[in-house]
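Me: I'd like to learn how to read strands and helices in a model like this one. Could you walk me through it?

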Amino acid sequence: MASTLPLITSRNLWKLSPLQKPVQSWVETLAQVEDKKVGLVDLHPKIFAVSPRLDILAKNVYWQHQYKKIDYRWVPTRAEMPGRNKKPWQQKGLGKARHGSRLSPQWMHGGVAHGPRGPKSYFFMEGFYQRIAGLTTALTVKFHQNDLHIVDSLDIPTENFQYMEQLINERFWGPSVLFVDDTDMMPFNITAACSKIKGLTLMPTYGLNVYSMLKHNTLVLTTKSLDKLEENLLYYLHHSQFRNSPFIKKVA
Amino acid sequence: MHRYLIKLNKLNATMVNPSVLVAYSSNFSKLSERKPLPSRPINLEGHEFTSVTESKEEFKYVKKLLPSLVVPDPPEHDFYPTPSGWVPPNNEKCSKFPYFVLRTRFHNFPIYALEREGGSRKLVKIKRIEGDIWKFDEDLRNYVEKCIEKNEDKKLTIYSQVNEVQRQVMVKGHYQDYISKFLIECGF
């Protein structure tokens, strides 16, 4: 291991303005329990050093809550109540109040006026650039709070869950950790180890989102997934169309 | 007129060949046993296809016509400012300042002239300011005041509003020309 160190010292950053300086992060490894630095990587300042817009983070979290929410509450109106819609007593001559139906909303066991009606979808799409800004701010906040770690790969020597437990306790990565890799086929050892411990999540790069970044204590990116993430985000920060519809596919 | 149309439609409906209707209805009634819809037969032997040759080399001419997905870097011109007034960023000049303004992805200044309250409040918004935004605001105001004194023979105080979180400065009055001059002089 020692002969190949350091693995990485620098990285070519695409579309880097000469005015901005890249931010740097250690590359760590999961190959041993002790926290050993394997290299250094440059991170793009447009993604990892943006202004921490907490309002954008809140907007993204709100969107992720809302778009899958369905309100199932339903109450019947007076027309849908069971029973006869007969006039309870005559209009005049009894000294009683005038009533036309026992099902009207002011009656006991009557229908409900303006009640919640049926399954209602709260789906909406947050603006495209708001979503991009949400990802960049979440990554920035994680990085500057020292909760973002970059590792060379997700390979660990054993499938024993105690190894993973020791590693996380040793590095103070907290109870919940989000591991992000380039592919969705993860190495066997880490899947076996993470399945025994609560709070460890494995995720491909395309599944990375603001809510799970904030939910987990630490975010662990592999170098491959970091490359892919930066490439995709920078593409959308520099592409030539003005894009607001969410379902256009990238061609080349 | 409307009634007449309805009558015509009814006529059309009755004029369809009843045998075809029966065939279709039987198709839809048994979804599992659905037959392919009748199509025009193609005589492959008698048909003459146009000849096609595949060429991967000539695709570069097609590539020229395709729109570029990413905004390209600006080409090098013989002189600056260009006829449109565009100036490239000067890295030597701008390294002196404790602040800088990033360009947009279209290589322009992020300066936006706005109007509020039906055009009675004129504002200019400057975005993407990095570094010491308060110093930038002060320098900008001083520069614009000097420009107004020089060009318009007026003594004015410029008011501005700093948004530190969103990295923006709002300037009161439509002074976008002076502001862009200031950014060019700084070399951003």
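**Reading the sheet and a helix pair**

Reply: Gladly! Let's start with one pair of residues: Glu28(A) has Val151(A) of β5(A) as its bridge partner. Keep in mind that this is a predicted model.

Me: In which sense do β1 and β5 of chain A pair, and over how many bridges?

Reply: The general idea is that strands of a sheet pair through backbone hydrogen bonds, either parallel or antiparallel. Here, β1 (residues 23–28) and β5 (residues 148–151) of chain A pair in the parallel sense, over 2 bridges.

Me: What is the strand order of the sheet in chain A?

Reply: It is an open sheet of 6 strands, ordered β2-β1-β5-β8-β6-β7 in chain A, and its pairing is mixed. At the edges are β2 (37–43) and β7 (200–204) of chain A, each of which pairs on one side only. On average, neighbouring strands of this sheet are turned by 30° against each other, with direction ignored.

Me: Which helix packs on that sheet?

Reply: That is α7 (residues 223–238) of chain A, which touches β1, β2, β5, β6 and β8 of chain A. Its direction makes about 90° with that of β8(A).

Me: Now for helices: at what angle do α5 and α6 of chain B pack?

Reply: Helices α5 (residues 133–152) and α6 (residues 176–186) of chain B pack at about 120°, and their axes are 10 Å apart. Because of that angle, α5(B) is oblique to α6(B). The crossing is right-handed.

Me: Which residues make the contact?

Reply: From α5(B) come Leu140(B), Tyr143(B), Val144(B) and Cys147(B), and from α6(B) come Tyr178(B), Ile179(B) and Phe182(B). By class, the contact has 7 nonpolar residues, no polar and no charged.

Note on methods
Residues numbered from 1 in each chain as written. Chains lettered and ligands numbered in written order. Predicted model: local features only at pLDDT ≥ 70, side-chain atom pairs only at ≥ 80, totals over all residues. Axes fitted to C-alpha atoms, helices over the stretch in contact; angles between N-to-C directions. Helix = DSSP H or I, 4+ residues; strand = E, 2+ residues; numbered from the N terminus. Parallel < 35°, antiparallel > 145°, perpendicular 65-115°, else oblique. Left-handed = near helix turned anticlockwise from the far one by under 90°. Contact = placed C-beta atoms within 7 Å. Nonpolar A, V, L, I, M, F, W, Y, C, P; charged D, E, K, R; others polar. Pairing = 2+ DSSP bridges.
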